[in-house]
Amino acid sequence: MRLDILLRELKFKAVRSSGPGGQHVNKTSSKVELSFNLENSQAFDELEKKRLAAKLRSKISKEGTISLQCGESRSQHRNKAIVIERLVTLLEQNLKITKARKKTKPSKNTIERRLKVKKEQALKKANRK
């Protein structure tokens with residue numbers, strides 16, 4: 001992932017936001033909507049695009065765009081920074097290749113210890129009768 005190219009490809013749209021701010025909310029567009037077209041992006045190679053498309057299937061629209069929005073802050077600049085940070089972390093997390101889990105069997109000692117404790121519990125309960 002090339003971050004400098006990614007940041008140039010982002011499209012922003014400012015919208016009026018609900019939330020804190022009183023009358024200020026009715027006058028300014030502080031909420032930021034970010035859209036990023038994954039299919040036409042130059043920031044990723046083909047393998048990365050396929051991996052992201054598979055993992056982010058539910059977040060990608062039919063046109064191949066990822067849309068995020070942020071209206072947490074009263075400041076449009078702060079909301080823009082937050083939404084960029086969210087997108088970058090989302091992409092980084094989904095680009096990571098997770099290690100396949102190797103199945104292991106419990107050791108003989110562990111099995112014996114478990115059975116011993118189980119037998120002790122059974123005896124304890126049997127003695128209560």
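Predicted model: local features only at pLDDT ≥ 70, side-chain atom pairs only at ≥ 80, totals over all residues.
Next I asked how many aromatic pairs a search of the whole structure finds. The search turned up one. The pair is made by F36 and F44, in an edge-to-face arrangement. I noted 6.2 Å from centre to centre and 70° between the planes.

Then I checked F44, buried or exposed? At 3% relative accessibility, F44 counts as buried, because the cut-off for that label is under 20%.

I left aside the neighbours within four places in sequence and listed what K49 is in contact with: L38, E39, N40, S41 and F44. The relative accessibility of K49 is 12%, so K49 counts as buried.

**How α3 meets α4**

I stayed with α3 (residues 46-55) and turned to its packing against helix α4 (residues 76-95). The angle is about 100°, and the axes are 9 Å apart. The two helices are therefore roughly perpendicular to each other.

Which residues meet there? From α3 I wrote down E48, R51, L52 and K55; from α4, I wrote down L91, N94 and L95. Sorted by type, the residues of this contact are three nonpolar, one polar and three charged.

**H77, also in α4**

I moved along to H77, which is found in helix α4. With 66% relative accessibility, H77 counts as exposed, since the label needs over 50%. I also looked up the separation of H77 and S30, which lie 47 residues apart along the chain. Their C-alpha atoms are separated by 8.1 Å.

**A lysine over a ring**

What lies over the face of F12? I found K80 there, at 4.5 Å from the ring centre.

**K62, in a loop**

My last stop was K62, whose place is in the loop between α3 and β3 (65-70). Buried or exposed, I wondered about K62? The value is 83% relative accessibility, so K62 counts as exposed.

Terms used
Residues numbered from 1 in each chain as written. Heavy atoms only, no water. Axes fitted to C-alpha atoms, helices over the stretch in contact; angles between N-to-C directions. Helix = DSSP H or I, 4+ residues; strand = E, 2+ residues; numbered from the N terminus. Parallel < 35°, antiparallel > 145°, perpendicular 65-115°, else oblique. Contact = heavy atoms within 4.5 Å. Nonpolar A, V, L, I, M, F, W, Y, C, P; charged D, E, K, R; others polar. Phe/Tyr/Trp six-rings, centres within 6.5 Å; stacked < 30°, edge-to-face > 60°. Buried < 20%, exposed > 50% of the residue type's maximum accessible area, 1.4 Å probe, protein only. Lys NZ or Arg CZ within 6 Å of the ring centre and 35° of its normal.
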